[in-house]
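Here is a short report for a reader meeting this protein for the first time. Please look over the sequence and the model before reading on.

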Amino acid sequence: MSYNKSQVLTDNINAIRTAFLLQSENRTANREEKSILEKYSGFGGLKCILDTRPVEEWPASEKMLFPLVEELKQVIKENSDSESTAESFYRSLKNSVLTAFYTPEQIVKTIGKQLENSTKGNIDYMLDPSSGNGVFLNFTEGKVHRTAYEKDLLTGLILSAKEPGTEVRVEGFENLPEMEEGIYDLVMSNIPFGTVKVYDYSYQKGNAIKMMATNTLHNYFFVKGLDAVKEGGLVVYITTRGVADSPSNKEIRRYLMQNANLISTIRLTDDLFTQTGGIEVGSDLIILQKNTQKRQLSYDEKLFIGSREDNPITPNNYVNNPIELHYLGIPYAGTNQYGKAVTKFKSNDTTYSTLSELLQRDFDQKFNLELYLKHSYLGKSVTGDEQKSVTGEKLVSLGDLFNLPEEKPEPIETFEKVTDEVMTNEWLMEHYKPGTFVLYRDRVGTMEYNEKRVLGFIPATYLTRNEQCVMKDYIHVRDDYYRLFDFEKDTQTESRTLRDKLNDSYDYFVSQHEGLRESASSIIMSDNLSSDILPLERYENGERIKADVFFEPVAFSKKVTETLTCDEALASSLNLYGCVDWSHLEERTGLDDNQIQAELKGKIYYNPTTYQWEHSGSMLSGNVYRKIAEIKPYLTTRPERAHDIQNTLNALEEVKPKPIPFNELDFNLGERWIPQELYSGFASELFGVETAITYTSASDSFLVKMKEYSSAANSLYGINYQMNAEEIMNNALQNTFPQITKTVYIDGEKKTVVDTESTQLAASKVQDIQDKFIDWLNNRPDEVKLSLADMYNERFNCFVRPDYDGSCQTFPGLSFDKFDYKDLYPSQKDCIWMLKQNGGGIADHEVLRP
């Protein structure tokens, strides 16, 4: 069945009206109303709601939708308490147009059936981070606690009404509470895609890959999804092919493979969304099983990381692997939205049966049920007369093997809600998260949520008596470390009392169980905070050595009273803080503000936008044009600092790159930075009739529209009845050459073939228009050329490369005992300084010996 825009829009309006009614009456939907809500399919194929022009200017094929769009606006307005609320609803809908393509139910049911079979039905907590119409929430009929995120306000309203048993959160996935990380068995969705930056505070520092992931929606959802699932949990996403194919995503793929097992990657057909969204779009099904403790990558995982544009089937090496099938449908040659040749895939009669077969093959070969069940919700106990292995065989105890007396386990205890007093005074809630081992009433267990999201305690009755003793002493060490570190970090003062307590806890642990990394390491590593604690000791020549935190503060540097020169104090400030810290300069030099400024003239500059002084290497680099534009207004708004601001502006003007004149620039028709008015003027003069050219950045496309029909223009630049002048101009702007086809009869059978003559003629006219634009541009008045050159220089010739000088840094405690040199090379220091100034990163360059 083809996509009917009118019917889809009508169904969506009825669903929105029904959801508003249920909200106002504060009740759940009856059977008839739920049937209406089920028909909601989003606005991914309805770009008409973005059109703000009068109906007269709408395309003929869309005009019949105009009354429905007006009805949609009216329904929203009637059910909003203010104009601003109505505008928020409608703006939210419009923002979803480019990504709201909902998944066919049969795909979800096929995936869900495999998940149930492979996990033996052990799915307790499921999260859908981009729920849409909620099709993934119904992947199973089993009893599962479902949580759904949906950013679109109206879709979230409908989802809440349609899925009363689901915890629906009308907000972005980035708002997932940190306490919920690592608790979900399954994260499953058709995730959004695009180069839209996501702001996630927890990803803005520390891990460079996580910071990188926030630059694109699809990469972010993968990394965040892995954080959300438990160890051994599953991330199941339908996503854009760019995740697997794009060379720029290689480091993201590497991160995913280092922290998860690749279960399956299946290239889906391009016509998957034609019935639900009226669009052809390439997508993949990618399934991962979280495994942060893995030691090496499999052959398939190494293949998945790589991609090559010249692969015969798909760029991704794993999907392209000719030995195994990793795609659905029938491959055929096609082009993408940029006119580039790509392989596409078309559905056939066996598409869904093939999907089922591929999923079963991949799960049978790669899914680790033991890893999945090992980290299941701890409140869940095994029932029955005898426990069995994942293969169904009876488990044999050590007592049975060696004829030892049977050790009766403690009775299994259940979830216990803890008091607020414990969470305030005893538990370190800033560090604890679900699955963390804790002490409660002198018992060892884990902190967990129950099915009602109440925080509580699960006794670890599965631990032996010895293991419980180990964990109890380990928890004392861990929590004493956190208390010491947090206190010294927050107060910037040393605490001998807390440090002595940490030493006592650690020394007692060693006296009872040896080191943290020795006989007790296996049980300690089951705590999800152990990665912070194991580095408290290290081994050199077989000797256990305590870390520095046992002897001195590591959260801050102790103050030194030695007086320094201004240059030395500046180097010290950059070394310790990575910036110009004025209080540090005053304290270490003993000079006042004016004296320091005079001594460091030309080395530091005042930045009025941040109210801070900056080192010359930072201030006099980057986009200097933008910095000048941002700083200049402060001359009048901050007159008390006018002298310092003017010095900064003078220095920026001196380092500006030399402007490139117009006659040395190389222009091309269709460059996105050139004003649309210039393109419109060129087209109007070329066609001899007023022509408007507009560019839409969201879809990276041009629209060419002549105000009135011109037979002369179409005769000169069109291709008979096959392409008009506007279409040829559009191809010239996009720098694509159209392929024109014709219908012929071969042996009585109707076939479509390339019209070689027309295709070559179109290519020559595209090239002719592009050449004419350059000639036309060279004949513009001088003021137009000067303006265009200025625009180019301000946009592209505006960057000054930073000079990263890391000579100011010191690295106390860095050992060179095993090397033939006693200090880092200058190139290494410069690289480290670059990473510190840019908030982290990945360096791959040759080390240059001095």
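## The whole protein

This is a predicted model. The protein has 850 residues, and 47% of them are buried. It holds 33 helices and 23 strands. Along its principal axes, the C-alpha trace spans about 95 × 80 × 60 Å.

Take contacts between residues at least 6 apart in sequence: 62% of these join residues at least 24 apart. The accessible surface is about 45,500 Å². Carbon and sulfur atoms account for 49% of that surface.

## Helix α5

Helix α5 covers residues 105-119. Its 15 residues should span 21 Å at 1.5 Å a residue, and the end C-alpha atoms are 21 Å apart, so the two values agree.

Several α5 residues are buried, among them Ile107, Val108, Ile111 and Leu115. Gly112, Gln114 and Ser118 are also on the buried list. An α-helix has 3.6 residues a turn, so residues three or four places apart point the same way. The buried residues of α5 pack against strands β4 (184-190), β5 (229-240) and β7 (283-290). They also pack against helices α13 (351-366) and α14 (369-374). Just after α5 comes lysine 120, with a positive phi of about 55°.

## Helix α28

Helix α28 runs over residues 676-687. At 1.5 Å a residue, its 12 residues should span 16 Å; the end C-alpha atoms are 16 Å apart, which agrees.

The buried residues here include Leu678, Tyr679, Phe682, Leu686 and Phe687. Ala683 is buried too, as are Ser680 and Ser684. Their cover includes strands β19 (691-696) and β20 (701-706). It also includes helices α29 (711-717), α30 (725-734), α31 (756-778) and α32 (782-795). Just after α28, glycine 688 takes a positive phi of about 75°.

## Two loop residues

Tyrosine 611 sits in the loop between β16 (604-607) and β17 (612-615). Its phi is near 60°, a positive value in a residue other than glycine.

Aspartate 747 lies in the loop between β21 (741-746) and β22 (749-754). Aspartate 747 is not a glycine, yet its phi is positive, at about 55°. Is aspartate 747 buried or exposed? Its relative accessibility is 82%. Exposed means over 50%, so aspartate 747 counts as exposed.

Note on methods. Residues numbered from 1 in each chain as written. Predicted model: local features only at pLDDT ≥ 70, side-chain atom pairs only at ≥ 80, totals over all residues. Heavy atoms only, no water. Helix = DSSP H or I, 4+ residues; strand = E, 2+ residues; numbered from the N terminus. Expected span 1.5 Å × (residues − 1). Buried < 20%, exposed > 50% of the residue type's maximum accessible area, 1.4 Å probe, protein only. Contact = heavy atoms within 4.5 Å. Areas by Shrake-Rupley, 256 points an atom, 1.4 Å probe, with all protein chains shown as cover.
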